[in-house]
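User: I would like to go through the labels on this model one by one. Please set each value against its cut-off.

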Amino acid sequence: MAKARLKHPLEDAGAELSNGKRGRIDSEQTSDSDQETDMAPSQSRARNQTGVVRLRARTENGGSADDQSIGIVERVELTDFMCHERADVNLCPKVNFITGQNGSGKSAILTAMIIAMGGKASATNRAPSLKEFIREGRSRAVVRVHLRNRGSEAYHPELFGGTIIVERQISAAGSSVSQFKIRNGDTGDIVSRKKDDVVEITDHMAIQVDNPINILSQDAAREFLASTSPDKMYHFFLKGTQLFQLREDLEV
C-alpha cells in the first residue's frame, strides 16, 4: 500500500435502517491532533495502515489538510441491495461506528463498498453470486461509493473531479449481470463504464477490497480468530502483505 488507504474501516456494529425507508447515518469525527509531531510548518506526519509514514500538507491556518487526501470513502448509497430498499450513509474521514440490531443491515454497508469497488461476491463471504445481493422481489440493485480525489496525488482530477463516484448495477436477468459507471462527482457526468478503470482508481488509491488488512468482514474475522491451522494463518498473512497477489502476478 503505497499512496493512500481506506481511512475509515466500518466496525461490524452497523446502523439500523428499516426496510422500505431511506436511512441516513451521521458519523462523528475523531481528532488526530495528538498525532502531530514537530516538523516543518507546512507539513505534518501521517501513518497509514501498513505503518508507512507519509508527509501530509497542512492548511494555511495550521490544521491538517484531510480534505486534500485521496481514497477516503465519503458516502455509500444502496438501492435494493440485500435488506435495504434505499440507504444513504455519510462517513467522516476518521473512524466510523455504525450500530444497530441484528439483521438491520450493518454488514450490508460494508458489503456494498466491496462490491461497488469491483470486489467479487466470494470476497464478501455473504453470497456465491452477485445476483444474491438483489433485494427479494426486485430485478436489480445499485450501489455507489463516493471517493475523495483531491490534492497533489489525485487521480486525473481534470476528468474525475474532486470526488469520484463509482457505481455498480447488478441485474437479475440479462447477459450482463453487473455494469459499472464512474462519474465525476463535481459535474455528475459519466466518465467511464469500464471495470479496468475502477481497478486503476482503486490501485492508485491503494484500496484493496480483498485484503483483510484493508477490509475485514465479521465472517473473515471469525474465521481468523477460530483458525488453528497453520496453513490458514499463513494464507491470511499472504493476503494481508500482498504476497499472494504478487505470486499470482508473477505466475501470469
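User: What makes R150 and E74 a salt bridge?

Analyst: The closest N and O atoms of R150 and E74 are 3.2 Å apart. A salt bridge needs a side-chain nitrogen of Lys or Arg within 4 Å of a carboxyl oxygen of Asp or Glu. The pair therefore qualifies. R150 lies in the loop between β6 (140–149) and α2 (157–160), and E74 in strand β4 (residues 70–81), so the bridge ties together parts that are 76 residues apart in sequence. Helices (H or I, at least four residues) and strands (E, at least two) are DSSP runs, numbered from the N terminus.

User: What is this model, and how are residues and atoms counted?

Analyst: It is a predicted model: local features need pLDDT of at least 70, side-chain atom pairs count only at pLDDT 80 or more, and totals for chains, interfaces and linings use all residues. Residues are numbered from 1 along each chain as its sequence is written, and side-chain values use heavy atoms, with hydrogens and water left out.

User: Why is E74 called buried, and why is R150 called partly exposed?

Analyst: Buried means under 20% relative accessible area, exposed over 50%, and partly exposed in between (1.4 Å probe, protein chains only). E74 has 16%, so E74 is buried. R150 has 26%, so R150 is partly exposed.

User: How many salt bridges does the rule give?

Analyst: The count comes to 10 salt bridges.

User: How do you know that E85 and R138 form one of them?

Analyst: Their N to O distance is 3.8 Å. That meets the cut-off, so the pair counts. E85 lies in strand β5 (residues 84–90) and R138 in the loop between α1 (106–116) and β6, so parts 53 residues apart in sequence are tied together. E85 is partly exposed at 27%. R138 is partly exposed too, at 40%.

User: What joins R183 and E167?

Analyst: Their side chains meet in a salt bridge, at 3.8 Å from N to O. R183 lies in strand β8 (residues 178–184) and E167 in strand β7 (residues 163–171), so the pair ties together parts that are 16 residues apart in sequence. R183 has 21% relative accessibility and counts as partly exposed. E167 has 5% and is buried. Salt bridges that share partners join R75, E77, D88, R144, E167 and R183 into one network.

User: Why is the pair of Y155 and F160 called tilted?

Analyst: There are three aromatic pairs by the rule. Rings of Phe, Tyr and Trp (its six-membered ring) pair if their centres lie within 6.5 Å; planes under 30 degrees apart count as stacked, over 60 as edge-to-face and the rest as tilted. The rings of Y155 and F160 have centres 5.5 Å apart and planes at 40°, so this pair is tilted. Y155 is buried at 13%. F160 is buried at 5%.

User: What makes Y234 and F237 a stacked pair?

Analyst: The centres are 5.9 Å apart, with 25° between the planes. Y234 and F237 both lie in helix α5 (residues 230–240), three residues apart, about one turn of the helix. F237 is partly exposed, at 41%.

User: Why does D210 count as partly exposed, and where does D210 lie?

Analyst: Its relative accessibility is 42%, so D210 falls in the partly exposed range. D210 lies in the loop between α3 (195–204) and α4 (218–226).
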